[in-house]
Amino acid sequence: MNADSGTLPRVVLFAINGAGLGHLSRTLAYARRLRGRAIPVFFSLASAMEVIHRMGFEGDYFVSEAWTRSDGVAWNRELMVRFGLLLDEVRPQMALFDGTRPFPGFLDACDAYGVPYRVWSNRRLYRPGHDIAIPERELFDLIIEPGELGSEREVTRPAKPGRTVVTPPVTLLGDTDLLERAAARAALGLDPEGRYALLSLGAGYLDDVLDVALGLIGQLGRRGFDVYYSRAPIAVRDVPLPAGAHPLEVYPLVRYMRAFDVFVGAAGYNTCCEVVQSGVPSLLVPNRVAADDQARRAEIAARHGRVIVSRCDTDEERGDAVDRLLALADDLRSAPPRITLDGADVAADEMLALVGARAPA
Amino acid sequence: MSIEEETMRLRRRLQQLAEEAGADPLAKRYLRRFGRLRLSPYRRVRVRVGDVLRELGLRARPRIPPWLPGLKHLAGTEHAAPLLVWALDVDREDLRRACLALQRIEDDLLPRFVPVLVTDVADFAFFSRLGWLVEYVPKLSPPAAGFADRKVRYLASRYRGAAALPWSIGLVPDVTAERVLALIGARSDDPARANG
C-alpha cells in the first residue's frame with residue numbers, strides 16, 4: 001500500500017493454495033493491472049509471500065486447508081479471525097476470492113466485517129464429476145470467469161448479485177514483459193548457441209510426476225538437449241534430478257521461457273496460456289489428479305499454440321512425444337495466429353467499475 | 001544474555017501480549033458469528049433456541065475442535081503440541097541457520113512437539129521445505145500500520161500456554177533436544193501440552 005494516496009480504493013485479493021501457483025499467479029495478474037488505480041493487498045494461502053513482495057505488493061499468509069492437520073471447522077474458525085484482522089486493518093472496498101469454492105471462513109469474515117463488494121474469480125473447465133453447483137453465486141457482486149484460450153469477453157449474467165463475466169485468458173505478464181530469446185538466455189546465464197529444454201511438471205506433490213519427469217529428461221538428454229527442470233517456490237519436496245539436469249527456480253517462469261528451444265509442462269491454466277503467449281514449441285502432459293480438465297485444456301492449447309499433447313505414461317509414449325515435439329520445433333511454419341490474452345485487464349476494469357472507480361468499456 | 005534468560009524473558013513477554021490481546025475484541029467479534037451468518041429463518045430460530053438452552057444449562061456446549069500445529073507433509077505431527085520459535089526482526093541467513101539446527105533435532109522432539117515459526121521474514125521457499133507451520137507477521141503500510149502488532153498479540157493469545165523459545169536457540173552450539181526440553185520445562189516423560 002506504499003503508494004496509497006488515500007483516494008484509491010483498497011482491494012484484498014484472497015488466493016487459495018491450489019496445486020502449484022495458479023491461483024496466486026492469477027491474483028497477481030489482477031493486482032498488476034489494478035496498480036495505480038487501486039491498492040491491492042494479498043491474503044494468501046500459498047506460501048510464496050516473497051513472490052508477492054518481489055512484485056511490489058503487501059499481504060499476509062495463512063496456512064492452507066490442504067496443509068494443516070486441523071479439521072475443516074477449526075481451520076475455518078481460525079481463517080475467519082485471521083482474515084477478519086486483515087479486513088479490520090486494511091479496510092478494503094472490495095474482497096476478491098480466487099478459488100474453486102469460497103471457504104465459509106472467508107464468507108463469514110466478509111459478512112462480519114461488512115466488505116462492501118465481493119468478487120469471485122472462478123476458473124472453470126472441470127473434469128466430469130468435479131463441476132460442482134455453486135450456491136454461493138448470489139453472495140458475490142461480481143463473478144469473473146477467466147476464459148480458456150480463444151475465449152472473448154462475454155457477460156453471461158448481467159444482473160447483480162452474481163453478475164458474471166467471462167474474460168479472455170488471464171496471464172500474469174503482458175506480451176511485452178516476456179524476454180526475447182537472447183535476453184532471456186543472458187539473464188539465465190545460458191550459452192547463446194546452446195540447445196536447451198525446460199521441464200515444469202508441477203509443484204511435486206499433486207501427482208507423482210517422478211517417472212514422467214525422469215523419463216523425459218532422459219529422452220531429451222539423449223537428443224542433445226541441456227535440460228533444465230523448474231522448481232516451484234512452494235514445493236515441499238524436490239524432484240531428485242539425474243546428473244546433467246539442472247534445477248531452475250525463477251518466477252515468473254514465463255518471463256524467461258523463450259530462452260528454451262522446447263518446453264514440457266503440465267496443462268494447468270497458467271501454463272497453457274503462457275505456452276501460447278511465449279510461442280515456445282511445447283509438449284503438454286495433462287495432470288489427471290487435478291480437479292480441472294487438463295486433457296481438454298491441452299487440446300484447446302494445441303489449437304492455438306505450437307503444442308503437442310501426450311500422457312507420457314510409458315517410455316515408448318515419451319519417445320514418440322519428444323519426436324513429435326522436435327518435428328514441431330523444426331517446422332517454422334507451424335506458428336498459429338496470435339490470440340487475445342488480455343483477460344486480466346478486462347477483469348481489473350470490471351472490478352474497478354464495481355467499486356465505482358471506472359466504468360467498463 | 002544467556003539462552004535461559006532469553007527464554008524466560010520471551011515467556012514473560014508472550015504472557016503480557018496474550019493479556020493485552022484480551023482487550024482486543026477481534027477474536028470474540030468474529031468467532032461469535034462463525035457459522036451463524038447466511039442462515040435460513042428456520043436455521044436461525046433453531047440456533048437461537050440452542051443458545052437459550054445452553055445458557056440455561058439444558059444443553060451441552062458444542063466441542064470446538066482444536067487448532068493443530070502440525071502439517072500433513074511432516075510425518076509424526078498428528079498429536080504434536082506447538083513449540084513456538086519466536087523470530088521477529090531477525091536476519092534471514094541467521095534464521096536459516098537456526099532453523100536448520102532445529103530441524104536436525106526435530107525427530108527427537110516429535111511426536112510431542114512440532115516447531116511453529118513466528119516470523120516477519122518472508123523466506124517461504126526455504127520454510128516450505130521445513131514442513132513447519134509458519135505464522136507470518138508482515139508489516140503493512142497505513143492505514144494498516146497497526147496490523148503486525150495486533151497480529152503478534154493475537155498469536156500470543158492463540159498459543160497461550162504453549163512452549164516457546166527464542167529463535168537464537170538454533171544458534172546455540174550443538175543444541176540438543178534435551179536442552180530444548182529442559183528450556184521449556186518439559187521432562188522426557190511429560191505428555192505433550194494440549195493446545196486448542
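Begin with two helices of chain A, where Ala29(A), Tyr30(A), Arg33(A) and Leu34(A) in helix 1 meet Ala344(A), Asp345(A), Ala347(A), Ala348(A), Met351(A) and Leu352(A) in helix 10; contact means heavy atoms within 4.5 Å, and helices (H or I, at least four residues) and strands (E, at least two) are DSSP runs numbered from the N terminus. By class, the residues of this contact of helix 1 of chain A with helix 10 of chain A divide into 8 nonpolar, no polar and 2 charged, where Ala, Val, Leu, Ile, Met, Phe, Trp, Tyr, Cys and Pro count as nonpolar, Asp, Glu, Lys and Arg as charged, and the others, Gly among them, as polar.

Before going further, note that this is a predicted model, in which local features need pLDDT of at least 70 and side-chain atom pairs count only at pLDDT 80 or more, while totals for chains, interfaces and linings use all residues. Residues are numbered from 1 along each chain as its sequence is written, chains are lettered from A and ligands numbered from 1 in the order in which they are written, and side-chain values use heavy atoms, with hydrogens and water left out.

Now select residues 22-34 and 343-354 of chain A, which are helix 1 and helix 10, to see their axes come within 9 Å and cross at roughly 65°; axes are lines fitted to C-alpha atoms, for helices over the stretch in contact, and angles run from 0 to 180 degrees between N-to-C directions. That angle makes helix 1 of chain A roughly perpendicular to helix 10 of chain A, given that angles under 35 degrees count as roughly parallel, over 145 as roughly antiparallel, 65 to 115 as roughly perpendicular and the rest as oblique. Within this pair, show the side chains of Asp345(A) and Arg33(A), which meet in a salt bridge at 3.8 Å, N to O (a side-chain nitrogen of Lys or Arg within 4 Å of a carboxyl oxygen of Asp or Glu). The two residues are 312 residues apart, so that the pair links distant parts of the chain.

Next, select residues 269-278 and 294-304 of chain A, helix 7 and helix 8, which pack at an angle of about 10° with their axes 10 Å apart. This makes helix 7 of chain A roughly parallel to helix 8 of chain A. Here Tyr269(A), Cys272(A) and Val276(A) of helix 7 meet Arg297(A), Ala301(A) and His304(A) of helix 8.

Two loops of chain A deserve a check of omega. A cis peptide bond with omega of about -5° joins Lys160(A) and Pro161(A), with Pro161(A) in the loop between strand 7 and strand 8; another, also with omega of about -5°, joins Tyr251(A) and Pro252(A), with Pro252(A) in the loop between strand 11 and strand 12.

Then display both chains: 55 residues of chain A are in contact with 48 residues of chain B, and 8 salt bridges are counted between them. One to centre on is that of Glu135(B) with Arg82(A), whose closest N and O atoms are 2.6 Å apart.

Finish in chain B, which has 8 helices and 4 strands. Select residues 3-21 and 147-158, helix 1 and helix 7 of chain B, which pack at an angle of about 105° with their axes 7 Å apart.
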